[in-house]
Amino acid sequence: MVMSISNIASIKKVEDVTKDKNIFKVIKGSIISIIITLIVLTIYAAVLSYTTVSESTMVPVVITITGISILIGSSISSISIKKKGIINGGLVGLIYIIFLYILSSIVFAGFSLNMNSIIMIIVSILTGMIGGIIGVNLK
């Protein structure tokens, strides 16, 4: 089978459109993760305010909520992409954490990188990758 230049150009256009759709799906997964995080953190804030739950639980709870939110968002995004789950899921986690740090830098007028920040970055990317793997393998 001989492919003409026009056939190759058509295939290239289809690949470009697919990549654009995949980027949109990755961003959608990140937005879903952010929305889930906001909802669950609001509930957690109410629990902190109206119960005797200690504020010392904040860091592990926030990290757990972040991880689960990204896991869900990257799974949803990778279900529809159906390939390269580890990469797409990792991108969901990366976009999520970049958005979070840009927003926190604006709100709190500064960016600091400490051990909790490094843990959050690692958790975000790893749970995104795991969610991507799960999403690709769901039918």
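**Helix packing and a loop with positive phi**

Reader: At what angle do H2 and H4 pack, and how far apart are the axes?
Author: In this predicted model, helix H2 (residues 58–81) packs against helix H4 (residues 115–137) at about 30°, and their axes are 7 Å apart.

Reader: Why quote those two values?
Author: Two packed helices are described by the angle between their axes and by the distance between the axes.

Reader: Parallel or antiparallel, then?
Author: H2 is roughly parallel to H4, because angles under 35 degrees count as roughly parallel.

Reader: And which hand does the crossing of H2 and H4 have?
Author: The crossing of H2 and H4 is right-handed.

Reader: How many residues of each class are in the contact of H2 with H4?
Author: The contact of H2 with H4 has 12 nonpolar residues, 12 polar residues and no charged ones.

Reader: Changing topic to Lys82. What is its phi?
Author: Lys82 has a positive phi of about 70°, although it is not a glycine.

Reader: Where is Lys82 in the fold?
Author: Lys82 sits in the loop between H2 and helix H3 (85–107).

Reader: Buried or exposed?
Author: Lys82 has a relative accessible area of 62%, and over 50% means exposed, so Lys82 is exposed.

Reader: What separation do the C-alpha atoms of Lys82 and Val136 have?
Author: The C-alpha atoms of Lys82 and Val136 are separated by 4.9 Å, and the two residues are 54 residues apart along the chain.

Reader: What about phi of Lys84?
Author: Phi of Lys84 is also positive, near 50°, in a residue other than glycine.

Reader: Where is Lys84 found?
Author: Lys84 is in the loop between H2 and H3.

Reader: Is Lys84 buried or exposed?
Author: Lys84 counts as exposed, at 57% relative accessibility.

Reader: Back to the helices. Where does Ser117 lie?
Author: Ser117 lies in helix H4.

Reader: Buried or exposed, for Ser117?
Author: Ser117 counts as buried, because its relative accessibility is 6% and buried means under 20%.

Reader: Which residues is Ser117 in contact with, leaving aside neighbours within four places in sequence?
Author: With those neighbours left aside, Ser117 is in contact with Tyr101 and Ser112.

Technical notes. Residues numbered from 1 in each chain as written. Predicted model: local features only at pLDDT ≥ 70, side-chain atom pairs only at ≥ 80, totals over all residues. Heavy atoms only, no water. Axes fitted to C-alpha atoms, helices over the stretch in contact; angles between N-to-C directions. Helix = DSSP H or I, 4+ residues; strand = E, 2+ residues; numbered from the N terminus. Parallel < 35°, antiparallel > 145°, perpendicular 65-115°, else oblique. Left-handed = near helix turned anticlockwise from the far one by under 90°. Nonpolar A, V, L, I, M, F, W, Y, C, P; charged D, E, K, R; others polar. Buried < 20%, exposed > 50% of the residue type's maximum accessible area, 1.4 Å probe, protein only. Contact = heavy atoms within 4.5 Å.
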